[in-house]
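Colleague: I would like to learn how to read a model like this one. Please take me through it step by step.

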Amino acid sequence: MADNKVVDLNELLPQGVTIKFGNPPRDIDIPPPRTGQLLRLGALGQKMQTVDAQNPEAADQLDEEMAALLYEIIPGLNNEPLHTAQKLKLFEILTEMAMPEQMDELKKRGITLDPKVKPKLG
């Protein structure tokens with residue numbers, strides 16, 4: 001960097017979110033997902049789009065995988081049962097948390113990333 005600009009990597013850290021959950025409702029902090037967790041969220045998202053509704057075992061397995069990952073990322077849920085709508089909303093919250101603000105700006109400009117295109121490393 002020729003102009004000696006200081007880049008604050010801390011500004012890139014996503015902020016956590018607080019949700020209300022349980023009976024009685026309590027506040028639960030959701031931390032931003034780690035990279036590995038984010039990759040697994042993406043893989044589960046792909047599976048959700050391709051799961052065969054005619055195969056109940058596959059759908060149940062996907063549901064279990066999704067719940068397990070949510071409980072891992074958000075330990076405050078205490079493995080309490082989640083409704084499908086709650087799981088999907090949590091999935092959405094975590095995905096949005098992991099997306100840098102710059103992605104929104106790129107979308108506004110009509111630039112999107114194709115998840116099927118694998119980046120070349122090295």
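**Burial, core and helix packing**

Modeller: Of the 122 residues in the protein chain, 21% are buried, meaning under 20% relative accessible area with a 1.4 Å probe and protein chains only. This is a predicted model, in which local features need pLDDT of at least 70, side-chain atom pairs count only at pLDDT 80 or more, and totals for chains, interfaces and linings use all residues. Residues are numbered from 1 along each chain as its sequence is written, and side-chain values use heavy atoms, with hydrogens and water left out.

Colleague: Which elements does the protein chain have, from the N terminus on?

Modeller: Helices (H or I, at least four residues) and strands (E, at least two) are DSSP runs, numbered from the N terminus. Here the order is β-β-α-α-α-α.

Colleague: Which residues have the most contacts inside the largest nonpolar core?

Modeller: A nonpolar core is a set of buried Ala, Val, Leu, Ile, Met, Phe, Trp, Tyr and Cys residues joined through side-chain atoms within 4.5 Å. The largest one has 21 residues, and Ile19, Ile30, Ile74, Leu77, Leu82, Leu90 and Leu94 have the most contacts inside it. α2 gives the largest share, 7 residues.

Colleague: How are two packed helices described?

Modeller: By the angle between their axes and the distance between the axes. The axes, lines fitted to C-alpha atoms over the stretch in contact, have angles from 0 to 180 degrees between N-to-C directions. Those of α1 and α2 come within 11 Å and cross at roughly 155°. α1 is therefore roughly antiparallel to α2, a label for angles over 145 degrees.

Notes. Buried < 20%, exposed > 50% of the residue type's maximum accessible area, 1.4 Å probe, protein only. Parallel < 35°, antiparallel > 145°, perpendicular 65-115°, else oblique.
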